[in-house]
Amino acid sequence: MHDDRKLVEDRITRVLAERIKPAVYPRFVPLDLAVWNAPGEPVPVAEGLSADYETCSVGYQWGPAWGTSWFRISGTVPGEWAGQTVEAIVDLGFDEKMVGFQCEGLIYRPDGTPVKGLNPRNMWLRLEPSTTDVLFYVEAAANPVLLDYHPFLPTEQGDRLTSSAEPLYRIRAAALAVFDREVWQLVQDIEVLDQLMRELSPDSARKWEILRALERCLDAIDLQDVNGTAAAARDLLVDVLGRPASASEHRIVAIGHSHIDSAWLWPTRETVRKVARTTSNVTNLMDSHPEFLFAMSSAQQLAWIAAHHPRVFERVKAKVEAGQFIPVGGMWVESDTNMPGGEALARQFVHGKRFFADQFGIETEEVWLPDSFGYTAALPQLVALSASKWFLTQKISWNNVNKFPHHTFTWEGLYGTRIFTHFPPADTYNSELSGKELAHAARNFREKGRACVSLVPFGWGDGGGGPTREMLARASRLSDVEGSPRVSIEPPSEFFRRAQAEYPDAPVWVGELYLEFHRGTYTSQAKTKQGNRRSEHLLREAELWSATAAVRVGFEYPHAALDRIWKAVLLNQFHDILPGSSIAWVHREAEETYAAVAAELLEIISAAQQALAGEGTQEIVFNAAPHARDSVPGGGASIVPVFDGPAVSVSESSSGFLLDNGVLRVVVSPAGLLTSVYDIAADREVLAGPANLLQLHPDFPNMWDAWDVDAFYRNTVTELSDVDSVVLEAKEPGRVSLRIRRSFSQSSVSQLVTLRAGGRRVDIDTDVDWHESEKFLKLAFPLDVRADRSASEIQFGHVYRPTHTNTSWDAAKFEICAHRWVHVGEPSYGVALANDSTYGHDITRTAFTTTVRASLLRAPRFPDPRTDHGPHRFRHALVAGASIPDAVREGYRINLPARVVAGSRPVAPLVSVDNPDVVIESVKLADDQSGDVVVRLYESAGGRARTHLTAGFPLSSAVSTDLLEREWREPVSYSVTSDAISLRLRPFQILTLRLSR
């Protein structure tokens with residue numbers, strides 16, 4: 001027998017598309033249309049419903065980019081359709097190949113009740129059986145297609161300030177139609193079997209059995225009377241659909257989901273509407289499908305629904321109560337985890353989990369981050385401290401060098417905390433539950449023979465509308481059928497319990513989950529990253545000084561303002577905002593938010609400091625850093641005496657400028673480069689070549705412009721050693737500063753190099769007026785240090801990474817993320833580079849030289865064609881003879897500048913420790929407004945530490961808590977002696993203490 005398989009497959013494809021699917025709606029009547037185009041930004045629902053509408057018709061062109069049009073849709077159900085299922089079909093101009101990323105709509109009843117969304121795969125509205133007269137409204141959003149089919153083309157459509165005013169969409173359909181359920185079911189039967197068949201091996205008997213059954217099914221269909229013959233055709237598939245799966249088949253737990261980026265190729269204002277459309281869709285679908293379960297993360301998105309769409313939120317709450325709508329994740333947003341500071345990442349859990357507990361009475365236990373760009377080694381400890389115990393992501397499957405060796409494993413973090421972790425082997429968090437995806441999950445699963453269950457989130461994301469009734473039909477048919485993994489819809493928590501029970505000895509992965517992709521996100525959109533870093537440290541100051549002033553002088557602690565500001569900062573840590581991978585509109589708004597946040601926090605800080613300093617004219621210096629600085633205690637304030645130490649000297653010769661503070665001798669060449677940093681006490685040169693060297697690379701990655709940096713960028717480099725001027729700008733007893741100016745291409749740089757009295761560091765302030773495209777700017781420091789690894793600060797500690805390329809895993813980390821400092825060293829000598837706002841670095845080595853480079857600026861053109869054009873300021877400090885504790889101290893110092901207030905009294909720290917390796921990360925008043933003082937601290941050096949914590953107030957008790965300030969699952973009460981407690985910490989341990997006055 002000849003192989004006629006291809007002939008049958010082609011027949012299935014054509015008959016399904018051209019005859020059977022069209023027969024789902026055998027009869028149509030048109031609906032009447034009227035339109036009102038909202039001016040400017042979206043309007044309240046009441047305004048949209050009461051607007052003056054103009055008659056229009058199918059074919060109407062609507063929607064300039066980011067515009068909103070309201071459509072009033074009306075009609076009458078023909079009397080002869082009585083007793084039949086009727087649906088309204090509305091096509092706003094959808095492109096079914098681009099699900100999400102385009103126009104969307106939300107249907108409202110005349111009384112303003114939201115009903116469901118309109119999306120490319122979800123264009124229907126089921127009418128109640130008794131309906132005769134039809135009237136509903138659609139709020140339609142003309143979101144421009146920015147990804148298109150070429151995701152890397154620069155576009156001006158990414159900001160309302162520059163987008164086109166031309167209409168983008170055309171109404172394609174508005175009609176009432178009879179819905180033939182039997183034909184629809186036939187479509188689902190055929191699609192499921194056809195997809196399954198195509199994934200089976202050519203020699204499989206099961207493949208041929210399905211093929212012949214489908215062939216007989218098609219033979220039974222009268223193509224001129226599909227509706228009349230559908231039932232008979234379905235009967236021929238009953239047997240082949242009813243064959244049970246073998247006991248050894250892979251088991252897939254499916255959970256409805258819709259990954260909605262809180263901002264990306266749209267602004268946050270549009271995300272508010274996206275989540276309303278999707279949650280309206282899924283709650284509507286739950287009414288007719290009680291087996292349907294849907295998981296949603298991001299407390300922020302649910303908070304938006306509560307604030308902007310309270311009727312939708314009430315439906316969500318009802319479905320949560322019914323167990324169908326399942327909050328997951330426990331974070332305020334699905335944040336980036338590489339760049340948020342330690343306290344900020346803790347607050348993601350605090351605000352997220354508290355929202356779920358307050359609104360739904362739910363303690364989420366799984367951390368849900370399917371799309372973030374790599375995962376910090378600090379995360380497992382924070383997961384555990386938030387009273388969570390499982391972790392899910394999919395993104396590591398995007399690695400472009402090394403395939404991750406596990407799908408289910410135990411992840412051990414920096415502190416040693418272990419978290420049960422799963423990567424869905426379907427390699428998607430937007431599954432359609434297609435045969436291809438499910439077969440891939442089963443084939444790809446790396447735990448075969450040890451475990452047999454995996455998770456798959458299914459549903460269209462990012463404005464696609466979430467799960468569809470077709471997906472639920474696939475899940476039902478694939479629950480137990482031969483040749484396919486067995487599919488069951490279950491809550492994520494049930495999956496994790498089952499997976500952990502069947503795989504109790506899962507392998508352990510230690511350290512960060514580094515994503516070998518999207519490395520450019522450590523640098524893109526510098527202003528967003530600077531705004532985040534500054535906001536984090538201003539929040540530290542505001543909480544510290546407000547708490548201190550509240551305890552000492554009765555200052556009113558600004559609970560509500562700090563709560564609101566934290567949430568604004570946490571939102572902008574979303575994994576497409578802080579990484580710099582969103583449209584111009586998003587980053588413009590982020591910059592505005594950070595400016596407003598800074599202004600408000602500075603007012604809070606100033607008011608608290610003034611209350612503490614009192615009235616007077618003396619200069620009171622406040623130090624918010626956790627370590628003492630220039631005679632000022634960490635977390636306190638002092639009257640600093642006039643400088644009377646040895647002055648910094650400076651001289652000029654043909655070799656340039658020589659700066660000397662008795663600790664370091666620094667030579668700045670006529671080209672403005674550091675040619676020598678000599679450590680006098682150590683009697684050694686720090687540099688191995690010209691440093692403070694700006695280097696420019698071409699930057700045109702193979703994919704994903706704002707996201708990626710590809711290793712070949714290093715093949716071409718331009719050293720910016722030409723100088724416009726080098727002049728002595730400041731010569732004071734306590735410091736000497738040189739001003740260096742350069743110009744290149746369309747841009748210019750001004751640097752201030754400063755050596756201060758008694759310091760072991762060279763401060764470098766860099767101002768760049770940046771007007772490049774597709775370029776990458778680095779600041780290089782070749783160091784006379786032989787180091788085969790570097791240390792980089794992360795949240796609540798640091799990680800070591802290789803500086804060599806012994807393995808492909810080592811080589812793949814050619815761009816790394818660090819917070820306030822990086823450090824390289826030999827056993828007896830090290831050097832640190834501290835910064836105030838940059839995250840991207842690369843560190844390379846030769847036999848005796850280690851070169852540290854800070855990534856300053858990139859210039860990708862997609863999705864923002866003018867990324868980072870304009871002025872920027874960066875601060876770095878090169879610290880000679882630095883240990884890890886020195887690096888920690890200098891990192892805080894450069895990010896928390898001293899503040900001077902006129903007053904009359906010094907301020908003792910509210911809380912202090914006597915071991916510099918133990919760092920006080922935050923001091924605040926308890927969120928429950930009890931007046932308790934909450935202190936979060938950690939061991940920073942990577943060793944065990946003992947310390948005495950002293951409270952600057954009468955202390956009655958001290959207990960350990962979780963991140964949410966609740967008594968810890970294994971509570972420790974500390975003995976209080978003279979308002980102090982003794983603590984022991986393991987390496988990198990985070991400890992949250994609640995101190996009662």
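1. In this predicted model, Arg-5, Val-8, Glu-9, Arg-11, Ile-12, Val-15 and Ile-20 of helix H1 are in contact with Lys-207, Trp-208, Leu-211, Arg-212, Leu-214, Glu-215, Leu-218 and Asp-219 of helix H4. By residue class, this contact of H1 with H4 comprises eight nonpolar and seven charged residues, with no polar ones.

2. The geometry of this helix pair may be stated next. H1 spans residues 5-20 and H4 spans residues 205-219; their axes come within 10 Å and cross at roughly 45 degrees. The two helices are therefore oblique to each other. The crossing in which H1 passes H4 is left-handed.

3. Ala-17 also belongs to helix H1. Its relative accessibility is 49%, so Ala-17 counts as partly exposed, given that the exposed class begins over 50%. Between the C-alpha atoms of Ala-17 and Arg-206 the separation is 25 Å, and these two residues stand 189 residues apart along the chain.

4. Turning to the aromatic residues, the structure contains 38 aromatic pairs. One of them joins Phe-101 and Trp-266: the ring centres are 6.1 Å apart and the planes lie at 50 degrees, so this pair is classed as tilted. Phe-101 is located in the loop between strand S6 (86-91) and strand S7 (104-108), while Trp-266 is located in the loop between strand S13 (251-256) and helix H7 (268-288); the pair therefore ties together parts that are 165 residues apart in sequence. Phe-101 and Trp-266 are both buried.

5. A further aromatic pair is formed by Phe-313 and Phe-360, with 5.8 Å from centre to centre and 45 degrees between the planes; this pair, too, is tilted. Phe-313 is part of helix H9 (residues 310-322) and Phe-360 is part of helix H10 (residues 342-360), so the pair ties together parts that are 47 residues apart in sequence. Burial applies to both Phe-313 and Phe-360.

6. Finally, an aromatic cluster deserves mention. Phe-101 and Trp-266 are among the members of one aromatic cluster, which also includes Phe-152, Trp-264, Trp-704, Trp-707 and Phe-862. Within that list, Phe-101 and Trp-266 are the residues described above as a tilted pair, with both residues buried.

Note on methods
Residues numbered from 1 in each chain as written. Predicted model: local features only at pLDDT ≥ 70, side-chain atom pairs only at ≥ 80, totals over all residues. Heavy atoms only, no water. Axes fitted to C-alpha atoms, helices over the stretch in contact; angles between N-to-C directions. Helix = DSSP H or I, 4+ residues; strand = E, 2+ residues; numbered from the N terminus. Parallel < 35°, antiparallel > 145°, perpendicular 65-115°, else oblique. Left-handed = near helix turned anticlockwise from the far one by under 90°. Contact = heavy atoms within 4.5 Å. Nonpolar A, V, L, I, M, F, W, Y, C, P; charged D, E, K, R; others polar. Phe/Tyr/Trp six-rings, centres within 6.5 Å; stacked < 30°, edge-to-face > 60°. Buried < 20%, exposed > 50% of the residue type's maximum accessible area, 1.4 Å probe, protein only.
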